[in-house]
Amino acid sequence: MTQTAAVLLADVACHAKYVPSRYIRPPSSRPNIADVDASGSAIIPLVDLRDLSGPGRAAVVQAIGSACRGHGFFQVANHGIPDDVITSMLRVAREFFRQPESERLKMYSDDPSRTTRLSTSFNTRTEEVASWRDFLRLHCFPLEDYVHEWPANPPAFREAVAEYAMNARRLALSLLGAISESLGLETDWLAAALGKQAQHMAVNYYPPCPEPELTYGLPGHKDPNAITLLLQDGVSGLQILGQNGRWIAVDPVPGNLVLSNDRYKSVIHRAVVNNSTERISVPTFYCPSPEAVIKPAPALVDEEHPAAYREFTYGEYYDKFWDRGLQRESCLDMFSESPICDPI
């Protein structure tokens, strides 16, 4: 797609009195915003990481393990990323999306293989219904390989995002160590299993929507990576699917998702939009290298806990996830030892 043919949502939404037809979901798959549990802060585990590097580490590891087993998602406090780093990250994110269209389009591409690109919805090449989102996708590790590709404007963008990315990586590795220990594995087991590792970031922009009940920022899905750290501004929009089948609104705080041989499951989550306020979110995806073989730790497999999935490379999994365009909540069943028929 050429730059002249590109249409970003932000430039449609600012004039829209109605939701354009390509964003409208079928009635059976609309968000039903009225039927959402607003008590998320009381339901979702909050883990204080203050003692993760101190004498209370065992208790923090236990809390993380319990959250992963019971929810697949948790909020963290005292995570170590300085407030000024977070503030700067959100500021340059908002400044980027408020630039003139001509400046933003310098980064536009609908090619998912590009390591730095601005795009809209999820995968415009494959999806049938678009999502109410623009996003800037950035590869972040190793930083020196990618920073030069990032937007040069706003002027503070590269410095602010690089500082946040380095802090997010430290937190991700710390959490992976704790998760490994909670499974009874060596601290570095998960990090080593990821291979040379990769880190991506999506800077998501959800403009106000005139009819939010007809569409999604992103429909329900599971993330395809090892761990996700989510930074949000002060605007609500994240929801997770509760164990009772109801969607739960989540207050804007960092969180993470983890999967490990069907014992730790990633939670299904979605982004809804509103008719009055723009929303920014910045998920950091910490990923295996494309050639890393995804399989359970031998110590987690026995007669009572057989391998739930066949071995596959992360590259194979990620390609299937991206090609589906969020038409299903997860594509992990394609790798099951007992495959489920896939109609898509």
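A residue counts as buried when its relative accessible area is under 20%, as exposed when that area is over 50%, and as partly exposed in between (1.4 Å probe, protein chains only). Keep this in mind as we walk through the chain. The model is predicted, so to speak of a local feature we need pLDDT of at least 70, and side-chain atom pairs count only at pLDDT 80 or more, whereas totals for chains, interfaces and linings use all residues. Residues are numbered from 1 along each chain as its sequence is written, and side-chain values use heavy atoms, leaving out hydrogens and water.

Let's begin with the whole chain. Of its 344 residues, 54% count as buried. The chain holds nine helices and 15 strands; these are DSSP runs numbered from the N terminus, with helices (H or I) of at least four residues and strands (E) of at least two. Contact here means heavy atoms within 4.5 Å. Among contacts with a separation of 6 or more, 74% are between residues 24 or more positions apart.

Next, turn to helix 3 (residues 57–70) and helix 7 (residues 157–182). Their axes come within 8 Å and cross at roughly 80°. Axes are lines fitted to C-alpha atoms, for helices over the stretch in contact, and angles run from 0 to 180 degrees between N-to-C directions. Angles under 35 degrees count as roughly parallel, over 145 as roughly antiparallel, 65 to 115 as roughly perpendicular and the rest as oblique. Helix 3 and helix 7 are therefore roughly perpendicular to each other. Where they meet, helix 3 brings Arg57, Val61, Ile64, Gly65, Cys68 and Arg69, and helix 7 brings Leu175, Gly177, Ala178, Ile179, Glu181 and Ser182.

Finally, some backbone details. Most residues other than glycine have a negative phi, and most peptide bonds are trans. Serine 121 has a positive phi of about 65° although it is not a glycine. You will find serine 121 in the loop between strand 4 (116–120) and strand 5 (134–139). Is this residue buried or exposed? Serine 121 is buried, because its relative accessible area is 1%. A polar atom of its side chain lies 2.7 Å from the backbone nitrogen of serine 131. Asparagine 78, also not a glycine, has a positive phi of about 55°. Asparagine 78 sits in the loop between strand 3 (73–77) and helix 4 (83–97), and is partly exposed, with a relative accessible area of 36%.

There are cis peptide bonds to find as well. One joins phenylalanine 141 and proline 142, with omega about -5°; another runs from asparagine 153 to proline 154, with omega near 0°. Proline 142 is in the loop between strand 5 and helix 6 (143–146), while proline 154 lies in the loop between helix 6 and helix 7.

Terms used
Polar contact = N/O pair within 3.5 Å; in protein donor to acceptor, adjacent residues only side chain to side chain.
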